[in-house]
Amino acid sequence: MNFLDLIWLIPLVPLFGAAVMLFFGRRLSKAAISIICPGAVGVSLLLSIAAVIQLAGLKEKIHQVTLFPWLPLMKVDMAYLLDPLSSVMILVVTGIGFLIHVYSVGYMGHEGGYYRFFGYLNLFVFFMLTLVLANSYPLLFVGWEGVGLCSYLLIGFYFNRKSAGDAGKKAFIVNRIGDAGFILGMFFLYQLTDSLKFTDVNEALRSARFGVEHSFGLLSLTALLLFVGATGKSAQIPLYVWLPDAMEGPTPVSALIHAATMVTAGVYMVARSNALFQLTPETSFIIAGVGAATSIFAASIALVQTDIKKVLAYSTVSQLGYMFVAAGVGAYWVAVFHLFTHAFFKALLFLGAGSVIHAMSGEQDMNLMGGLKNKIPITFRTMFIASLAIAGIPGLAGFFSKDEIIWQTHASPLGSNFFTVVGLITAAMTAFYMWRLMFLTFYGEGRMDEKTRHHLHESPKTMTVPLMVLAAGSVLVGWLGTPKIFGLPEFFRGFEGWLEPVFEPVKALASEGAEQPEHAFEWFMMGVSVVIAIGGIYVAKYMYTKLRRDQRPSGGMLYPVLLNKWYVDEVYDLIFIRGLSLGGGGLFAKFDREVVDGGVNGTAWTTRFVSTVSMWWDTWIVDGLVNLSAFTVRALSFPVRFLQTGLLQSYALAFVIGLLAIFGYYWVR
Amino acid sequence: MLDTALFYSFALLTLLGAILTVSLRNAVNCAIALITSLAGVAGLFLLQKAEFLFAVQIVLYIGGITVLFLFVIMLVNLDQTAKQPRFGRHWMIPVLAIAGTGTLFVGFLTRGRGTLALPAPGVAADAGGNVERLSDLLFREYLVPFEVASLLLLVAIVGSVVMARKKAD
Amino acid sequence: MLHPITVTHYLVLSAALLLIGTLGVLLRRNAVVIMMSIELILNAVNINLIAFSEHLKTLNGQIFAIFVITVAVAEAAVGLGILIALFRNKETVLIDEIDILKW
């Protein structure tokens, strides 16, 4: 069975699930829904695994399936592409998506709108798979917009809460700003390479037609515009503001969309367009810079947040920053690798947080938690593993991917030691805030009230089993990307090798110098990051278990700034929202009155004038012509009428007269 | 000598009968005049050695058609009609037209007297009586028109019955 | 008067009969008499056909004449049927009283 030709089914099965929810959801039982929707994603997962295995067997690891032409003028079809990059993505989306669907069966079990939730979730999986399987930018963009829509729907799931609706709108609108950049970038890209299919674009960019652009030209502009799109979707500065607010949605949504999949779409898109970014080192530098700034900025905010989900949200923004740093310095496979490992432990952290919230009867403030480690042991142990992973403890997944990023900022020809320092500081902050979360939530004395304490219970199996699976992943998957200096067999560096055909250097760069091997320094850097990680953990442990609340350093003036997220939302509000409405108000009103209303009145006057002319024309000319024709017929027929006597004999007479006429004619000839 | 005399007598009969047909007041009298005219024509047929047609003329025309006419005359009760004027009001015009045509006929004949190119007389046929030869021709070469004519007669029968019957209420 | 009888004589006779018949069609008011005049016209045609048939020593003319007679019979039958139907509706056989289809 050729699963490669069936890859179009992979997005379609969840779409079918969503459609079933749309039409029949209200009438189906919870049990039926719990089988259909997770089942749909499960089927997609199986199809993905089969297809990827078959892809691995191909000599040239690319397979495209075209369903039907869509925009023939731009050579864009409804077609899917399976290559190493998209294969990683579909496994992440369907695998983690499936686990989260299973988790949601337990988590959303008591909530209303069960079918609506799963319908939206399946729809999201459909759009996300379309995004990663598309073989052209426009189809990717369809998926891009679609996941934005589903994000809006799911963030605002609890629509009776105003804050949820506002958060959904914020997410969509901020995304839109990024999308404008994306669309412009697509236009320029089409102009440059005369096609929007990935294979065509990459072939064009990798050929000798394009040289590396060292100044700001058309290539850089295109690259920058595409990156703007990525900032919107992947929550980088300045368009990250929607992600923390997105925590209004149910926790599984946060896990799936805002940790593992949708926010990684930007990284995926940058990785997909790596040929373009390789040709524009200045823009790549900007990307790395934005990523680095975002990661340290978001980590700083996470240090002081009290809502458990908000900490994780800012952590996501920060980790996404790491991925863009990697992409910016040219280490594309490392960015994807970090995307891969991050998906596991971040999803696990969110689901675990959901489990905690579930146990705490809906409480999310960490200041009211504590001492949960014996009450919800499975949740505790899995989150423990995830927190170690994200902090970068050796052996776990996060260590390998994050470490490689930090190393690449130094080693890559496009890197800069400045990024290395930022990366290390951020790593320290990451370890700190994650373990602050752990210590506040699970250790010490419980600070919750009696009623909540009574209700503390471990989550059902449908929630804890996905946690365990993800924990196993967080431990194991890192070993696919071990550094060369570890000297392990090829399999343990399989991730880089698998993605190699996607990220081959463009012709123009092939001649530039390769990496100088610096083995000793690499071991040193690795040691430094481990020390930082462990240090961060211990500082957090000291502050949050040994010291009492009033004894902890307060952070002085910096504290309120950090707590209020550097007042970024307030600044945006002032500049864009208030500014536009105030300044624009008077001008717009005047414009509306004079120009717009004038135009409308003008069209009304014109219409009346035209209808008067029509009436005149109709009465005199058209009717006149009709009457004239009637008059002519009557006039012409008047003399001829009298031939119709009705008498047979007069007709016979006419015969004879005719005969006479003929004879007469021949007579005179 | 004989055929000249016969010709003229038959011709006179025909023409006289015709004139009477168109001028007599009473329709029955017209029918009788028609009979004599038809008889004259039959005689002319015989003179032209068309024996079969002579017989057909008498049996069909005189024995069939004129009897039919007489029936119809009886049916349409012509007492009042007989009192009405015979000819139409504007009788001058047809008379003039016919007279003109007739004059032209004569004129053509006299003018072209010398150059009247009649086709050459044909050769006499082989032996066999008129009826045999006629039937031979009719049922061989002219079979299709014969069949069509029979179809026509069928249609005429049905048509006339339909036309003439009283509408059943 | 004592010329031998040629085809021409027959043609003249036929023409005369034709003209008399036409006169009858055009002049008489009684529909039945008009039908009779039509028969006269047809007979004139027959005389013509037979005369030529004899002159050309071929029988085609006589065959034609047979068909003319056949058609004349059919036409007379149907025509008289129509006449009777007309009489039933209009109570008259004078055709200048039947002029509904006029201007």
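# Three chains, question by question

Visitor: At 16% relative accessibility, does C:A15 count as buried or exposed?
Guide: This is a predicted model, and the accessibility here is computed from it. The cut-off for burial is under 20% relative accessible area. C:A15 has 16% relative accessibility, so this residue counts as buried.

Visitor: How many Å apart in space are C:A15 and C:N48, C-alpha to C-alpha?
Guide: C:A15 is located in helix α1 of chain C, which covers residues 7–27. Along the sequence, C:A15 and C:N48 are 33 residues apart. From C-alpha to C-alpha, the spacing of C:A15 and C:N48 is 8.6 Å.

Visitor: What pattern does chain C follow when read along the sequence?
Guide: Chain C has three helices and zero strands. Read along the sequence, that gives the pattern α-α-α.

Visitor: What percentage of the residues in chain C is buried?
Guide: Chain C has 103 residues. Its accessible surface comes to about 4,000 Å², with 71% belonging to carbon and sulfur atoms. As for the residues of chain C, the buried share is 60%.

Visitor: Which residues does C:T70 touch, not counting those up to four places away in sequence?
Guide: C:T70 sits in helix α3 of chain C. With a relative accessibility of 15%, under the 20% cut-off, C:T70 counts as buried. Leaving out residues up to four places away in sequence, the contacts of C:T70 are B:A149 and B:L153.

Visitor: Is C:R88 buried or partly exposed?
Guide: Helix α3 of chain C, residues 60–90, holds C:R88. The relative accessible area of C:R88 is 35%.

Visitor: What percentage of the residues in chain B is buried?
Guide: Chain B exposes about 10,400 Å², and carbon and sulfur atoms supply 71% of that area. The chain has 169 residues. Among the residues of chain B, the buried share is 31%.

Visitor: Which residues does B:K49 touch, not counting those up to four places away in sequence?
Guide: B:K49 is placed in the loop between α2 (27–47) and α3 (51–75) of chain B. B:N130 is 81 residues from B:K49 in sequence, yet their C-alpha atoms are 7.8 Å apart in space. Leaving out residues up to four places away in sequence, B:K49 touches B:N130, C:E54 and C:Q62.

Visitor: What is the phi of B:K49?
Guide: Most residues other than glycine have a negative phi. B:K49 is not a glycine, but its phi is positive, at about 60°.

Visitor: What is the phi of A:A235 near?
Guide: A:A235 is in the loop between α8 and α9 of chain A. This residue counts as buried because its relative accessibility is 0%. A:A235 is another residue other than glycine with a positive phi, near 55°.

Visitor: What is omega for the peptide bond that joins A:I237 and A:P238?
Guide: A:P238 lies in the loop between α8 (218–233) and α9 (242–245) of chain A. Most peptide bonds are trans. The bond between A:I237 and A:P238 is cis, with omega at about -5°.

Visitor: How much accessible area do the residues of the nonpolar patch with A:Y567 have together?
Guide: A:Y567 is in the loop between α24 (558–563) and α25 (568–641) of chain A. At 36% relative accessibility A:Y567 counts as partly exposed. The patch is formed by A:Y567, A:V571, A:L574, A:I575, A:F576 and A:I577, and their accessible area together is about 600 Å².

Visitor: Among contacts in chain A between residues at least 6 apart in sequence, what percentage joins residues at least 24 apart?
Guide: Chain A has 26 helices and two strands. Of its 669 residues, 52% are buried. For contacts in chain A between residues at least 6 apart in sequence, the share joining residues at least 24 apart is 80%.

Key: Residues numbered from 1 in each chain as written. Chains lettered and ligands numbered in written order. Predicted model: local features only at pLDDT ≥ 70, side-chain atom pairs only at ≥ 80, totals over all residues. Heavy atoms only, no water. Helix = DSSP H or I, 4+ residues; strand = E, 2+ residues; numbered from the N terminus. Buried < 20%, exposed > 50% of the residue type's maximum accessible area, 1.4 Å probe, protein only. Contact = heavy atoms within 4.5 Å. Areas by Shrake-Rupley, 256 points an atom, 1.4 Å probe, with all protein chains shown as cover. Patch = residues over 30% accessible without salt bridge, like charges linked within 9 Å, V, L, I, M, F, W, Y side chains within 5 Å. Salt bridge = Lys/Arg side-chain N within 4 Å of Asp/Glu carboxyl O.
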